[in-house]
Amino acid sequence: MVTRVNPPSTDRTSPPAPPDAGPRPAPALSEGVRVRVLRLVYGDPRAAAELVARLTERQAAGLDPLPAEPADLAPETLRAHRHEIRALPDGTRLVLLLAAADQYPVATHAFLRAVAAARLDTRPLEAAEAAGIAHATAGGVGFRDAWTRIAAYETAAPADRRDAHRLLARVLHGAAETPRRSWHRGAGALGPSARLAAELTAAAARARAAGDPARSGALAERAAALCTDPGERSRLLAHAAADAWHRGDGDRSRALAARTDADALTGILALRTGHAGEAFDALLAGAVRAAGARPAPGDPPPGRDGSTASPGAFPVASSVTSPGASHEPVAPHESGEAAGSAPAAPVAHLLARAAEAAVYTGDLRRCREAALVAGQSGIDPPGVLGGIAAAVDGRYEDARNLLEATAGRCGPGGDPTLLLHAGIAALMLGDHTRAATATVRAAAAARARGVTAAVSQAMEFRAYADFWTGRPRAAEAAALDALRQAYATGQDNGACHLQAALAMFAALTGDEALCRERAAAARSYALAHALGLPAALAQWALAFLDLGSGRFDAAAARLRALAASGPGHGHRAIRHLATPHYVEAAVRTGETRVARAAHADYDRWARAVGSADDLALSARCQALLTPGADAVEHYRTALRLHAEGTRAFERARTELLFGSALRRLRRRAEARDRLHSAMEAFESFDAPHCAESARAELRALGAPAAPTRGDRRPTVHLTAQQLLVARMAADGATNREIAARLALSPRTIDHHLRGVFTRLGIRSRIELVRLLADADSG
């Protein structure tokens with residue numbers, strides 16, 4: 001029973017600065033670090049300023065993980081709260097300690113039972129209420145804020161904290177409460193204990209299976225602290241790091257992973273936060289070790305191109321005690337396989353992640369290496385791995401069959417990894433409806449299983465489906481939300497991909513300043529981390545902006561550069577997707593020879609997969625490459641195929657090109673109908689520059705263009721980004737404050753607001769406030 005409150009423990013402070021050291025200026029933060037700093041300090045601006053001033057240059061740049069312990073985050077903030085706690089009577093501090101131990105760092109909901117069991121007097125809590133520090137609630141005690149709760153716990157002496165945990169452990173009964181009881185037993189231990197470590201390990205496994213990575217991670221960390229065997233301690237820390245990653249605490253995960261020898265875990269973290277090429281190497285090495293895979297006698301190990309011998313193709317990690325599932329920090333729900341031999345699940349999981357690394361870097365040929373390891377391990381290549389390997393080899397029909405099998409695994413309630421791969425496969429097949437279904441279900445499955453980190457990754461690929469199917473506002477809003485999640489969970493590589501996607505959305509709406517800013521940010525980060533996918537997507541966004549604005553030479557030059565860019569700088573899949581836009585730009589600039597060669601490969605893929613959208617775009621390319629009236633039938637074929645597909649924006653662009661061709665052929669009536677249809681579609685997609693192109697064609701035809709609609713409702717005429725900026729401005733935020741929140745420059749915010757005023761036909765923020773209020777009330 002808790003019977004006393006000993007003198008408080010000594011504050012931990014940072015080492016004193018050298019005598020000649022002046023105040024160090026706060027380092028410039030990357031956006032991801034800024035978001036995580038605020039999250040770590042519970043949104044407290046003073047604590048955030050204190051933490052920022054203590055960061056190293058590598059931490060400020062996101063290269064090293066941020067501190068994890070409260071005393072390392074903001075010692076001055078914590079010291080001030082401790083001072084308030086010390087000023088309270090001993091009895092009050094005793095009650096607050098018990099309440100804090102019940103809530104921090106693991107919530108166990110046993111406070112009231114502990115009070116009853118120990119016959120504690122709760123009247124001293126009145127002093128805390130009078131001081132505004134805490135208050136009584138139906139479930140126990142509510143603290144003023146998180147820092148106060150932490151101070152109430154850490155101000156107490158270690159012996160008192162142990163007594164509180166032991167009391168809480170005594171009142172937790174039943175199988176359902178075993179993980180919570182084990183936590184308190186471990187927290188109340190005096191020193192290392194193999195028996196307690198085993199109990200905590202078993203409790204962590206139960207919490208992990210129940211989809212509670214926060215609790216399983218805390219249990220695994222405590223088990224590691226009590227463990228006496230170095231190898232077992234490393235394994236437990238690896239599990240704790242994986243749990244921290246799953247719950248979205250990237251900084252703690254990276255810090256814990258640094259204390260282990262699990263190269264597979266290192267690869268998983270690098271996939272989302274580091275160098276994509278290094279991630280592939282680490283993941284493949286982990287798969288080789290987990291499976292015990294070795295090349296057959298006389299079979300040289302594959303090199304980077306999948307064929308040449310290269311002794312360094314499989315880099316060796318520091319050590320892995322033995323092959324098998326138990327030595328990889330892969331939670332059961334993330335395995336990527338429902339069943340199989342002991343090593344099959346982790347091997348399949350790691351190979352699936354290796355395929356994702358190859359997708360991000362753009363070095364798709366390396367999928368051959370991973371496919372070879374799968375074959376040597378006696379398992380089918382998981383996810384999109386086999387399909388990509390076949391496509392890279394030019395075996396398009398085989399690729400279609402393999403990708404179709406993967407895309408078919410998109411039923412509800414499945415494994416998040418399998419669902420994500422199903423979405424990627426569907427995108428490659430041009431089946432955007434199924435891609436949207438798979439990625440939404442992947443995000444839902446990840447949330448249900450407590451795998452917070454996987455949610456934003458699923459939404460990265462959902463954005464493609466929304467974009468191409470004519471839902472740019474939904475795509476932009478979803479991408480902005482996923483961008484915030486990616487930054488908050490430490491997934492800067494994913495954030496880079498989302499920045500590139502947002503650049504594409506800005507290109508579609510003709511927002512040149514925003515497109516260039518997003519693309520520049522994405523390319524700068526991507527080139528430093530070998531992320532060929534966002535680098536290529538950002539380049540395509542700039543080319544698409546040029547194409548929609550009539551700058552055909554610039555568009556063709558960008559797309560030629562994209563075709564010449566290798567892994568880490570470009571991406572074969574993006575180059576393929578951009579082929580119809582390259583053909584359009586190339587024809588406008590007279591580069592028909594190269595355009596015909598690009599179209600031939602695109603047509604071969606389109607015919608292999610049988611996608612109506614791809615076939616429609618191939619027919620449009622053929623129409624652009626066919627002179628005179630012979631092009632008309634190709635355009636008609638393209639529109640007929642578009643009617644069977646889902647890429648509504650590209651259908652509108654085909655109508656614009658067809659209408660322009662009909663005008664030149666003097667087929668005025670049909671040209672007018674096509675151009676009016678294209679203009680109305682572009683207006684509905686919020687693509688004013690494309691709509692203006694249709695109007696210009698109508699003016700050249702001598703036909704009146706329909707005036708822009710007079711409806712000034714913000715939700716009708718503003719993009720998701722513009723609406724967000726408008727609401728912040730209406731709430732009184734300055735341009736600089738809005739820029740800080742959205743990771744944009746004040747100049748871009750000013751550009752946005754000018755665009756908002758122009759689209760809504762207003763001149764001041766006062767009018768904006770009134771218009772938004774009317775829209776909300778209506």
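User: In this predicted model, why is Arg-516 called partly exposed?

Analyst: Happy to take that one. The relative accessible area of Arg-516 is 32%. Buried means under 20% and exposed means over 50%, so a value of 32% puts Arg-516 in between, as partly exposed.

User: What makes Glu-512 and Arg-516 a salt bridge?

Analyst: Their closest N and O atoms are 3.1 Å apart. The cut-off is within 4 Å, between a side-chain nitrogen of Lys or Arg and a carboxyl oxygen of Asp or Glu, so the pair of Glu-512 and Arg-516 qualifies. Both residues lie in helix 27 (residues 512–528), 4 residues apart, or about one turn of the helix. Glu-512 is also partly exposed, at a relative accessible area of 31%.

User: Why does Asp-546 count as a salt-bridge partner of Arg-516?

Analyst: Here the closest N and O atoms are 4.0 Å apart. Since the criterion is within 4 Å, the pair of Asp-546 and Arg-516 is listed as a salt bridge. This pair links distant parts of the chain, with Asp-546 in helix 28 (residues 532–548) and Arg-516 in helix 27, 30 residues apart.

User: How do you know that Asp-546 is buried?

Analyst: Its relative accessibility is 1%, and buried means under 20%, so Asp-546 belongs in that class.

User: What makes Asp-251 and Arg-36 a salt bridge, and which parts does the pair tie together?

Analyst: The closest N and O atoms of Asp-251 and Arg-36 are 2.9 Å apart, which meets the 4 Å criterion. Asp-251 lies in helix 15 and Arg-36 in helix 1, so the pair ties together parts that are 215 residues apart in sequence. Asp-251 and Arg-36 are both buried. In the whole structure, the search finds 48 salt bridges.

User: Why is His-571 called buried, and where does it sit?

Analyst: His-571 has 5% relative accessibility; buried means under 20%, so His-571 counts as buried. Its place is in the loop between helix 29 (552–564) and helix 30 (572–577). Leaving aside neighbours within four places in sequence, the residues in contact with His-571 are Val-359, Gly-362, Leu-364, Gly-532, Leu-533 and Ala-536.

User: What makes Ala-557 partly exposed?

Analyst: Ala-557, in helix 29, has 34% relative accessibility. From C-alpha to C-alpha, Ala-557 is 8.9 Å from Ala-585, and the two are 28 residues apart in sequence.

User: What makes up the lining of the largest pocket?

Analyst: The pocket holds about 1,500 Å³ of space. Of its 49 lining residues, the closest to the centre are Glu-69, Pro-70, Tyr-104, Pro-105 and Arg-252. By class, the lining divides into 22 nonpolar, 7 polar and 20 charged residues. Helices that each supply at least two lining residues include helix 1 (31–40), helix 14 (230–246) and helix 15 (250–257). Helix 13 gives the most, with 8 residues.

Definitions and conventions
Residues numbered from 1 in each chain as written. Predicted model: local features only at pLDDT ≥ 70, side-chain atom pairs only at ≥ 80, totals over all residues. Heavy atoms only, no water. 1 Å grid on protein atoms, 1.4 Å probe; cavity = no way out; pocket = protein on both sides within 12 Å on 5 of 7 lines; lining within 4 Å. Points joined across faces, edges and corners; volume = space filled by probe spheres on them. Nonpolar A, V, L, I, M, F, W, Y, C, P; charged D, E, K, R; others polar. Buried < 20%, exposed > 50% of the residue type's maximum accessible area, 1.4 Å probe, protein only. Contact = heavy atoms within 4.5 Å.
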